[in-house]
Amino acid sequence: MNYAALVAASILIASMPAGARAGDAAAGERLVRAYGCFGCHGARFEGGAGPKLLGIEHRRSAAEIADAVMHPKAPMPDFALSATQTADIVTYLAGLDGGRSGSSPVATISPATPRAQATLTVHFPTPPKHATAEAGMTMAQSGMSASKVTLTPTSDPHVWRGVVHFSMGGSWTVVVTYDGKTMNVPVRASGAE
Amino acid sequence: MRRDAFLRASAAGMLAQAFPCAGRAAATEVVEYSLTAAPLAFSPVRGASFAGLAYNGTIPGPLLRVVHGQRLRVHYRNRAATETAVHWHGMILPNAMDGAAGVTQPPVPDGGTYLYEFAPGPAGTRWYHDHTMGTGMGGPRGLFGMIVVEDPRDEPADAEFAVVLHDVPDLRSVSAALHGSSNAAMVDPPGSAEMRAMRADDRMGDEVAYLAHCINGGAYPHATPLRVRVGQHVRLRILNASPTQTRYLRLAGHRLHVTHADGNALDRPLDVDALRIGVAERYDAWFEVRGPGSWLLQSVSMDPLAFQQALVVQTPGMERAAPLGVAQTLDGIDFFTYERAAGIATNPVQPGRAHVDEHLILAGRYGSSRWTINGRTWPDTEKIAVARGDRVVLRFTNTTAMHHPMHLHGHTFRITEVNGRRLARPLAKDVALVDPHGGTLAWEFDATSPAGRWLLHCHNDVHMVDGMMTEVVYR
């Protein structure tokens, strides 16, 4: 899975309703090419006859993007796409900018399904003064959290990185706090064997 | 009958409208048109400003219509600030009326006039366009239009539309291509690994970069819809007026019933999913409107399958509906080819001996400024001398990586062989694609046109200007 797809997957998992699946960005890219979306939306999806798609994930929810694809309003053509194809396209579109053009930071987790620990990389549109990450998991009645780590900037001041630890497998949420704001990054940890 | 006033009044919207039902005129009647070429600032898409040239103020130029048997008289005025001449593509006509500047007539200077008068024929979908070889670039800038020579024997259609596919080039890239300094991406066949790997911003699989891709003067979604009604049998007269691009055309939700190639009736009509249309080719294709709906008429280039020309075909009440579209793929799509239309001969008959039998090797390197026939460029190419009544066979071999739509002025030829296979029912045309990478094509025709010099050239404007042209000369 490439960087863009990873970003997209993490965003989608966060924003999609329960039961919806995250799409396959590579399949989405093939569909977007096959249907010639850039004919109207621009070679770099910067907009043209149709709206700008770059950074669309910052302006519309995944469900809204999916609805626009599956139930297009003229002059956007109806390509009679299935729900699976639509999810793939939404995933691809959400990763087009790698978070670079949006107003929100975009986080990636590597590996995508970590066992005990993972590298968290956050791309900030505006470099923050300070950033921390804390992995937490909500259980039946109570929550648990692992260690809080301080993220450090890489050679690119927009990109910050840190290693997050998980004490067990399951659905974790890494809460990134930066300059008084927070963002949630969902992580599915496989857990130590 | 003078149609000048009518043309001036309605030229802007005319192409997209259903053709008026022209009455059958007396065979001796003269139809007169005034045609003026002049600059036009053309903005088919937001942000694209194009220094166009237009006939009577529209790109494409006005649709001209005559009934076979009538005479056509065109009062041509050049106000284009560059030399021009009007070529009547697909017509068999006196050589002096052919409009090849510098060959059959002097170029018409800015401010000058020329009177074109002839009996248009053969019947069918034909076109007219600028034919100068200089730097004016009249064709790429917008000097083209369709002329229909109505065939009284044709089955009447419930509705009929002109569909002119055209592209708006970046004129600097045309200039660069002519000088052999194009840095456009390589051309790959559809479905190739290279093509699949291409990104959206690598779309320039052509020597020329384009600002917009249009049908009837508009880029999607600004092209005027074709309005049809349930139950109608609709005839499309389709012309590819692009300077360089081969197109594949589909109508979502429909198959196309192809009846004419370059205006000439096929021996057997052919039903296809898609048309392949080389530069300057025309096809007449029909479809039946079986129910209410809104569908995209989509035209894509093969290099790569990305440039989209489109307009909407819709029934009343469907104006707000999202039009049904289809993927831009040729996978599993049966499209029109010469072999499919004409069939492959199972027991090829050895053709009779021709009086003239020439082999023309088409060569040139992608991105170069030198495109040759038998190693030479126009005007130094070997000319093909014929005598009246000769049976002439021309055999082409394309050694290049690009299509060459080869066009012969003033004649209708019959394609007899495609890529080494003899056709069962030779296909009557006036321009034909020679496939890249060693593709071959054989034509035959009888030298029965009016005497004179008839150009034979690649209709890719870059290749033509860069030398891929010769002529058939009547001795």
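Predicted model: local features only at pLDDT ≥ 70, side-chain atom pairs only at ≥ 80, totals over all residues.
Residues are numbered from 1 along each chain as its sequence is written, and chains are lettered from A in the order in which they are written.

**Chain A**

Chain A contains six helices and eight strands. Helices (H or I, at least four residues) and strands (E, at least two) are DSSP runs, numbered from the N terminus. Read from the N terminus, the order in chain A is α-α-α-α-α-α-β-β-β-β-β-β-β-β. Of the 193 residues of this chain, 44% are buried; buried means under 20% relative accessible area, exposed over 50%, and partly exposed in between (1.4 Å probe, protein chains only). Chain A exposes about 9400 Å², of which carbon and sulfur atoms supply 55%; such areas come from the Shrake-Rupley method with a 1.4 Å probe, and for residues only the protein chains shown count as cover.

S61(A) sits in the loop between α4 (56–59) and α5 (62–70) of chain A. S61(A) counts as partly exposed because its relative accessibility is 28%. From S61(A) to T132(A) there are 71 residues in sequence and 26 Å in space, C-alpha to C-alpha.

**The interface**

The size of an interface is often given as the accessible area lost when the parts come together. Chain A and chain B bury about 1600 Å² between them, with 56% of it on carbon and sulfur atoms; buried area is the accessible area (1.4 Å probe) that two parts lose on being put together, summed over both. R33(A), F38(A) and P75(A) supply 28% of the area that chain A buries against chain B, more than any other three residues. The contact (heavy atoms within 4.5 Å) takes 19 residues from chain A and 22 residues from chain B.

**Cavities**

There are three cavities of 30 Å³ or more. On a 1 Å grid over the protein atoms alone, a cavity is a set of points where a 1.4 Å probe fits but cannot get out, and lining residues have an atom within 4 Å of a point. Grid points are joined across faces, edges and corners, and a volume is the space filled by probe spheres set on the points.

| Cavity | Volume | Lining by class |
|---|---|---|
| Largest | about 260 Å³ | 14 nonpolar, nine polar, two charged |

The largest cavity has 25 lining residues, and D130(B), G139(B), P140(B), D461(B) and M464(B) lie nearest its centre. Its largest share of lining, four residues, comes from α6(B). Residues lining the second largest cavity include Y248(B), R250(B) and Q298(B).

**Backbone features**

Most residues other than glycine have a negative phi, and most peptide bonds are trans. A cis peptide bond joins I59(B) and P60(B), with omega about -5°, and another joins G121(B) and P122(B), with omega about 0°. P60(B) belongs to the loop between β2 (50–55) and β3 (64–67) of chain B.

D179(A), which is not glycine, has a positive phi near 50°. D179(A) is in the loop between β7 (170–178) and β8 (181–189) of chain A, and its relative accessible area of 41% makes it partly exposed.

Terms used: Heavy atoms only, no water. 1 Å grid on protein atoms, 1.4 Å probe; cavity = no way out; pocket = protein on both sides within 12 Å on 5 of 7 lines; lining within 4 Å. Nonpolar A, V, L, I, M, F, W, Y, C, P; charged D, E, K, R; others polar.
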